[in-house]
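Hi,

Here is the structure I promised to pass on. Have a look at it first, and my notes follow below.

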Amino acid sequence: MDNVSKNKWQIRGAAILIFVLGVVAGMLSLHGLTVWAHRRPPQNRFEQFATRLQLEPDQKTKVQQIFGDTRTQLQNLRKESEPRVNDIRQQADQRLQQVLNQDQWQKFQQMREEMRARRGSSGRGNGNNP
């Protein structure tokens with residue numbers, strides 16, 4: 001086999017290899033996109049909830065109203081109880097400072113901040129909890 005013929009086969013082999021790699025990359029990309037799409041939080045949780053329960057239109061309206069009322073009541077309760085909760089936390093901090101030495105108190109505060117940061121990044125709570 002001469003050099004020209006050898007070079008043609010190398011070019012053909014490279015083209016086939018590039019084609020196969022492109023197909024594999026496309027399949028992996030499609031798989032990754034599918035996995036990502038299923039891990040995303042649903043765009044409208046209530047609609048999924050209503051669909052799974054097969055709610056009628058009038059039921060959907062009533063359930064949405066119940067959820068809205070409940071959300072409002074819970075927000076109001078949190079606002080009302082927040083000052084008292086903060087007082088209790090401050091009392092606990094004062095008592096802990098009497099028991100813990102300075103290094104322990106600083107470590108405790110650091111641990112509490114780490115817990116707050118984790119809770120905040122997970123979307124739970126408001127980050128004000130010890």
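Among contacts between residues at least 6 apart in sequence, what share joins residues at least 24 apart? In this chain the answer is 12%. Keep in mind that this is a predicted model.

Buried residues account for 8% of the 130 residues. The accessible surface is about 11,600 Å², with 56% of that belonging to carbon and sulfur atoms.

H3 does bend, by about 45° at Ser81, and Pro83 follows within four residues. Its buried residues are Val63, Gly68 and Asp93.

On to the aromatics, where I count four pairs in the structure. One of them, Phe46 with Phe67, is edge-to-face, at 6.2 Å centre to centre and 85° between the planes. Because Phe46 lies in helix H2 (residues 45–53) and Phe67 in H3, the pair ties together parts 21 residues apart in sequence. Buried or exposed? Phe46 has 15% relative accessibility and counts as buried, while Phe67, at 38%, is partly exposed. Together with Phe49, these two form one aromatic cluster.

Last item: Arg12 lies over the face of Trp9, 4.9 Å from the ring centre.

Cheers

Note on methods
Residues numbered from 1 in each chain as written. Predicted model: local features only at pLDDT ≥ 70, side-chain atom pairs only at ≥ 80, totals over all residues. Heavy atoms only, no water. Bend = angle between axes of the 7 residues up to and from the residue. Helix = DSSP H or I, 4+ residues; strand = E, 2+ residues; numbered from the N terminus. Buried < 20%, exposed > 50% of the residue type's maximum accessible area, 1.4 Å probe, protein only. Contact = heavy atoms within 4.5 Å. Areas by Shrake-Rupley, 256 points an atom, 1.4 Å probe, with all protein chains shown as cover. Phe/Tyr/Trp six-rings, centres within 6.5 Å; stacked < 30°, edge-to-face > 60°. Lys NZ or Arg CZ within 6 Å of the ring centre and 35° of its normal.
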